[in-house]
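Reader: Could you take me through one part of this model up close? I'd like to hear how the strands pair up, hairpins included.

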Amino acid sequence: ANPAFTGADTDTGLQCGTNEVKLVTGGTARATVDSDGDLGIGTASPSALLHIAKSAGNAKLLIQRSNTASNTDDYGSIVFQSSAGNNNALIGAARHSAENDAYMFFSTASGGTLSEELRIQSAGGISFNGDTAQANALSDYEQGSFTPGYNSAMGSPSYNVQSGHYTKVGNCVTFTLTLNATGINTGDQLLILGLPFSASSTLENG
């Protein structure tokens with residue numbers, strides 16, 4: 001139905017239902033405030049204070065600062081408050097050094113003061129507790145399994161158990177393995193094959 005309150009365009013305006021108000025454009029309801037005061041955008045049955053839905057494509061919430069801003073601290077953010085004027089947490093995206101070079105950060109409050117706890121760096125990787133250095137960002141984490149075996153010290157091994165698991169954080173790999181086999185003791189140094197990554201030929205710090 002056409003909305004009750006319109007201008008010159010009779011299919012665009014406000015439509016009043018039972019304890020609800022709809023914003024109508026082109027004869028289609030675009031937003032609804034229901035009897036609980038919940039606002040639905042793209043849905044006539046909001047299930048939260050703000051409910052955004054889209055029937056096709058991505059539902060995107062855009063928070064944009066002025067394009068004329070140049071301060072590197074300018075950012076768009078979502079602020080969480082337990083009470084008016086009391087910021088308890090903040091999620092933001094800030095300009096870094098160029099208009100299309102930005103990072104995302106998460107802050108929490110202690111004693112009423114917001115402090116950055118986690119940052120997704122503009123070049124990738126995650127840093128913590130206000131650390132802004134790209135070199136300190138965690139850029140890789142991986143878990144997996146591998147099949148170890150004897151490369152020397154045992155000839156013609158017959159394996160009963162071959163089990164290996166690893167965790168990789170950055171360039172550091174920690175692994176555990178279990179080998180149970182029978183074969184011929186060759187008296188050589190014990191070497192294991194099948195490790196998940198190639199060992200570095202140089203010792204790296206950090």
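Author: Here's a walk through the strand pairing, starting with the open sheet and ending at the hairpins. First, the housekeeping: this is a predicted model, where local features need pLDDT of at least 70, side-chain atom pairs count only at pLDDT 80 or more, and totals for chains, interfaces and linings use all residues. Residues are numbered from 1 along each chain as its sequence is written, and side-chain values use heavy atoms, with hydrogens and water left out.

Strands here are DSSP runs of at least two residues, numbered from the N terminus, and two of them pair if DSSP finds at least two bridges between them. Six strands make an open sheet, ordered E1-E2-E3-E4-E5-E6, with mixed pairing. E1 (5-6) and E6 sit at the edges with a single partner strand each, so one side of each has no neighbour in the sheet. E1 runs antiparallel to E2 (residues 13-17), and two bridges join them; Phe 5 has Leu 14 in E2 as its bridge partner.

Now for the hairpins. E9 (residues 101-110) and E10 (residues 113-120) are antiparallel, held by seven bridges, and Phe 105 is partnered with Arg 119 in E10. Two residues lie between these strands, and Gly 111 in this hairpin has a positive phi near 65°. E10 also pairs with E11 (residues 126-128), again antiparallel, over three bridges. There, Arg 119 turns up opposite Ser 127. The E10 and E11 hairpin has five residues between its strands, and its Gly 124 takes a positive phi near 100°.

Definitions and conventions. Helices (H or I, at least four residues) and strands (E, at least two) are DSSP runs, numbered from the N terminus.
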